[in-house]
Amino acid sequence: MNTEEGDPEQPAGSPGTSGPAPLTGTSDSPGSPGTPSSPGSPCSPGTLVATDRPRTLTPDQAFDALYAFCAPALVRQTYLLTGRRELAREAVEQAFQLAWQRWPEVARDRDPGGWVRAVAYDCALSPWHRLRRRHRSPEPPPADPADRALLDVLLDLPPSYRRTLVLYDGVGLDLPETAAETEASTPAAANRLTHAREVVAARLPELSDPAELHRRLLVLASAERLLSARPTTVRTGCERRNVFWTRAAIAFTVTIVGATTLTLRTAPTHYEAPLAPPQAVRGVPPPPALGPLSPEEQALQAKLRRETRDGPLRLAPETR
């Protein structure tokens with residue numbers, strides 16, 4: 001297999017050239033699991049939606065349309081990455097909330113669905129989820145033993161290999177787009193895909209054919225009843241979170257300003273020299289210690305004893 005950067009050869013059975021429909025689809029309502037559709041679905045690469053008469057959509061309508069077409073398929077794809085139903089739904093909702101928060105940027109993007117998909121995959125594969133208590137306990141596996149075996153093989157792959165396999169054999173991206181979305185070079189993405197296919201074929205020989213692997217990925221993702229919230233719920237949740245963080249930032253700023261003002265009002269207005277550290281007084285004779293008297297002290301003691309006990313006589317003026 002040629003892995004040169006300029007013209008890499010795509011692996012055999014490329015979903016981007018032939019084979020079953022990619023793992024994308026729409027649903028009749030955002031709250032029901034989507035059904036697979038043809039490669040011309042709005043979430044598949046290179047899709048152009050033609051209308052008889054162009055009309056201008058409001059930001060709310062454009063976001064709701066993107067969510068209705070892409071959210072069900074993204075939840076199914078994210079489930080293949082994590083094996084957790086609730087985590088897949090949370091990751092997709094977080095991605096769309098971030099998209100609504102940056103909607104002017106996302107609306108002008110060449111592929112808004114790809115932008116949301118990349119963010120959803122990043123959120124789903126974040127290592128911080130393992131610290132959450134609710135995600136430590138295992139979830140019920142799929143009912144079908146074949147689906148359970150395929151999901152176990154996927155979850156045993158490294159996250160980068162698993163993401164490459166889902167994007168190429170599941171979503172139907174070509175190799176350069178898969179490499180760009182996984183932030184890897186085209187040869188590196190091809191090597192990851194080849195290694196992931198070899199691992200799957202070693203444990204499940206019946207999936208050695210890429211077309212059969214794609215069909216089984218589609219069946220596994222569609223077998224679970226994965227619900228997605230309504231677009232209005234996602235938008236209002238994003239707006240509420242923005243309001244909360246805005247108020248928190250304002251409260252923090254007010255606290256900092258208040259503390260600074262209090263410090264300025266209570267701080268001294270002139271320089272006060274610090275107190276010198278205590279020092280020992282020098283030149284003081286040491287206290288006398290008990291013991292024999294020196295000759296000088298004995299002479300002084302004898303002199304004091306010779307004096308009158310009542311002191312000297314009282315002096316009286318002499319008369320002349």
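**Packing around α2**

The buried residues of α2 pack against α1, α3 (103–107), α4 (112–124) and α10 (231–266). Contact here means heavy atoms within 4.5 Å, and buried means under 20% relative accessible area, with exposed over 50% and partly exposed in between (1.4 Å probe, protein chains only). Helices (H or I, at least four residues) and strands (E, at least two) are DSSP runs, numbered from the N terminus. This is a predicted model, in which local features need pLDDT of at least 70 and side-chain atom pairs count only at pLDDT 80 or more, while totals for chains, interfaces and linings use all residues. Residues are numbered from 1 along each chain as its sequence is written, and side-chain values use heavy atoms, with hydrogens and water left out.

Helix α2 covers residues 85–101, 17 residues in all, and reaches 25 Å from its first C-alpha to its last. That is close to the 24 Å expected at 1.5 Å a residue, where the expected span is 1.5 Å times one less than the number of residues. The buried residues of α2 are Leu87, Ala88, Glu90, Ala91, Val92, Glu93, Ala95, Phe96, Gln97, Ala99 and Trp100.

One of the helices that α2 packs against is α4. Eleven of the 13 residues of α4 are buried, so this helix is largely enclosed by the rest of the structure. The buried set consists of Gly113, Gly114, Trp115, Val116, Arg117, Ala118, Val119, Ala120, Tyr121, Cys123 and Ala124. Their cover includes α1, α2, α3, α6 and α7. The end C-alpha atoms of α4 are 18 Å apart, in agreement with the 18 Å that its 13 residues should span at 1.5 Å a residue.

**The chain as a whole**

These helices belong to a chain with eleven helices and two strands. From the N terminus on, the order of elements is β-β-α-α-α-α-α-α-α-α-α-α-α. The chain has 320 residues, of which 34% count as buried. Among contacts with a separation of 6 or more, 72% are between residues 24 or more positions apart.

**Salt bridges**

How many salt bridges does the structure hold? There are seven, a salt bridge being a side-chain nitrogen of Lys or Arg within 4 Å of a carboxyl oxygen of Asp or Glu.

Asp122 and Arg163 form one of them, at 2.7 Å from N to O. Asp122 lies in helix α4 and Arg163 in helix α6, so the pair ties together parts that are 41 residues apart in sequence. Asp122 is partly exposed, with a relative accessible area of 44%, whereas Arg163 is buried at 9%.

Shared partners join the salt bridges of Glu86, Arg89 and Glu93 into one network. Within it, the closest N and O atoms of Glu93 and Arg89 are 2.6 Å apart. Both residues lie in helix α2, four residues apart, or about one turn of the helix. Glu93 counts as buried, at 16% relative accessibility, while Arg89 is partly exposed at 25%.

**The second largest pocket**

A pocket is, on a 1 Å grid over the protein atoms alone, an open set of points where a 1.4 Å probe fits, with protein on both sides within 12 Å along at least five of seven lines; lining residues have an atom within 4 Å of a point. The second largest pocket has a volume of about 340 Å³, a volume being the space filled by probe spheres set on the points.

Fourteen residues line this pocket, and Leu87, Ala124, Ser126, Arg130 and Arg162 lie nearest its centre. At least two lining residues come from each of α1 (59–82) and α6 (159–171). By class, the lining has seven nonpolar, four polar and three charged residues. Ala, Val, Leu, Ile, Met, Phe, Trp, Tyr, Cys and Pro count as nonpolar, Asp, Glu, Lys and Arg as charged, and the others, Gly among them, as polar.

**A loop residue**

Glu183 is in the loop between α7 (175–181) and α8. Most residues other than glycine have a negative phi. Glu183, although not a glycine, has a positive phi of about 55°, and this residue is exposed, with a relative accessible area of 75%.
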